Amino acid sequence: MTGVTLNKVKKSYGNVEVLHGVDLDINPGEFVVFVGPSGCGKSTLLRMIAGLEEISGGEISIDGQVVNQIPPSKRGIAMVFQTYALYPHMSVYDNMAFGMRIAKESKEEIDRRVRAAAEMLQITPYLDRLPKALSGGQRQRVAIGRAICRDPKVFLFDEPLSNLDAALRVATRIEIAKLNSKMSDTTMIYVTHDQVEAMTLADRIVVLSGGYIEQVGPPLELYERPANLFVAQFIGSPAMNIMPAKITRTGETTEIELKDGKRLEVPVKTPEGDQGKSVSFGVRPEDVREAEEGEDFLFEGKVSIIEALGEVTLIYIEGELIDEDPIIVKLPGIHEGRPGDTMRFAADPEKRHLFDEKGHSYLYR
Ligand SMILES: Nc1ncnc2c1ncn2[C@@H]1O[C@H](COP(=O)(O)OP(=O)(O)OP(=O)(O)O)[C@@H](O)[C@H]1O
C-alpha cells in the first residue's frame with residue numbers, strides 16, 4: 001500500500017506563486033478529496049502529484065520515494081480526467097489495453113485485466129464499440145477502466161464527473177464509491193467542485209484557498225467543527241450564516257452580543273483577554289428552527305423570500321444582524337410562512353459557532 005507525502009510543495013508560473021508550501025500526508029489506501037474555489041490550486045496540486053506539472057519547490061514522495069524528477073509513467077499512478085481523453089478511433093477494449101500494450105504486457109494478462117475492469121464497471125457489453133457510440137457516463141467508466149488496468153498504486157481523479165448530467169453524475173459517483181471499496185488498498189486523490197462528491201467519497205477532505213490548505217479532516221469534522229470562517233462558509237449549502245458580535249463574557253462558556261443587542265450563550269471557551277472583542281457568530285441554516293411560544297429566541301426578522309423545494313423550505317430573513325446578506329433558514333418539509341411575516345428562530349447551543357477577530361474558530365485555540 002502506498003502513501004503520498006507533500007512536503008512544503010510550491011508552484012509558480014513565471015513569478016506568480018500559486019501554491020505556497022503545501023504540507024500533507026496522504027495515508028496508504030486513503031481516499032482524499034481536494035476542494036476549494038476556482039483557481040485555488042487543486043488541479044495544479046493533483047497534476048504535480050501526477051508529474052504533469054513541474055514542482056517549483058518542496059518535495060512530493062510516493063511510497064516513500066521522492067518523485068520530483070520521476071516522469072509520470074514511472075510514478076505508479078493513473079489519472080482520470082474530466083474530458084475522458086479516450087482515443088476516438090480505438091474500441092473500448094483497445095483503449096483499455098493501450099497502456100498495457102505499450103508496457104509490453106502479455107496478451108493473456110492484458111485480456112485478463114481488461115475483462116476484470118470491464119466487469120467491475122459493468123461495461124463488458126461495450127468492449128467492441130468506439131467511444132462515440134457511448135454515453136458520457138459510459139465513456140467516463142471506460143476512462144476509469146483504463147486507469148484500473150494500469151494497476152496503479154495511486155489513482156488520481158480530476159473532476160471526473162463534471163461533464164455528466166445530474167443523474168449520471170449520481171450513478172457514476174456511486175460507481176466510484178464502489179470501486180473505492182473494491183480497491184481498498186489503492187490510494188485515491190480526487191479533485192472536485194462538488195460538495196456532495198467530497199462529503200460522500202472522502203475519508204478526508206482537504207480544503208484549499210488561494211494556494212494554502214485551510215483545513216484537512218474527515219467530512220463531518222469539517223462540517224461540525226470548521227477551523228475558520230472560510231471552511232465554515234465553504235462546506236455546507238446554503239452557507240453558514242455569519243453575524244458580527246462582541247464578547248460580553250469570557251470563560252468556559254461565552255456570552256456574546258449580536259448587533260441588535262441580543263445576548264446569547266455559546267458553549268465554547270474564550271480567554272479573558274478577549275472580553276469586548278469583535279467576533280463572528282455562526283449558525284447553519286439547517287441548525288435553526290422556529291422558536292416555540294415563549295422560548296428564548298436567537299433572532300427574529302421579516303421574511304423576504306420563501307423558496308419551497310419540497311423536501312425543505314428556505315426562508316430568507318431580513319434584518320440588521322448581518323451587514324448585507326439576509327439570514328437563511330432551512331426548515332424541513334413544506335412551510336406555511338409568507339413574505340412579510342415576522343418569525344422568531346432558535347438554535348441549540350451546541351450548533352452555535354464562534355470565530356475570533358481573525359476568523360479562527362475558538363474550538364481550536
Ligand atoms: N499554465 C498556467 N500558467 C499560468 N497560470 C496558471 C497555469 N495553470 C494554472 N494557473 C493559475 O494557477 C492557479 C491555480 O490553478 P488551478 O487550475 O490549479 O486551480 P483550480 O483550483 O483547479 O481551479 P478550477 O477549479 O477552476 O479548475 C490559478 O490562479 C490559475 O490561473
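Where is the place of P238?

## Backbone features

P238 lies in the loop between α8 (229-234) and β11 (241-249). The peptide bond leading from S237 to P238 is cis, with omega near -5 degrees.

The model is predicted: local features need pLDDT of at least 70 and side-chain atom pairs count only at pLDDT 80 or more, while totals for chains, interfaces and linings use all residues. Residues are numbered from 1 along each chain as its sequence is written. Helices (H or I, at least four residues) and strands (E, at least two) are DSSP runs, numbered from the N terminus.

D63, in the loop between β4 (57-62) and β5 (65-66), has phi near 55 degrees, a positive value in a residue other than glycine. D63 is partly exposed, with 16 other C-beta atoms within 10 Å; 20 or more would count as buried and 12 or fewer as exposed, with C-beta atoms placed from the backbone.

## Packing of α2 and α3

Helix α2 (residues 92-102) packs on helix α3 (residues 107-120) at about 135 degrees, with the axes 10 Å apart. The pair is therefore oblique, the class left after under 35 degrees (roughly parallel), over 145 (roughly antiparallel) and 65 to 115 (roughly perpendicular). Axes are lines fitted to C-alpha atoms, for helices over the stretch in contact, and angles run from 0 to 180 degrees between N-to-C directions.

From α2, Y93, M96, A97, M100 and R101 meet I110, R113, V114 and A117 of α3; contact requires C-beta atoms, placed from the backbone, within 7 Å.

Note on methods: Contact = placed C-beta atoms within 7 Å.
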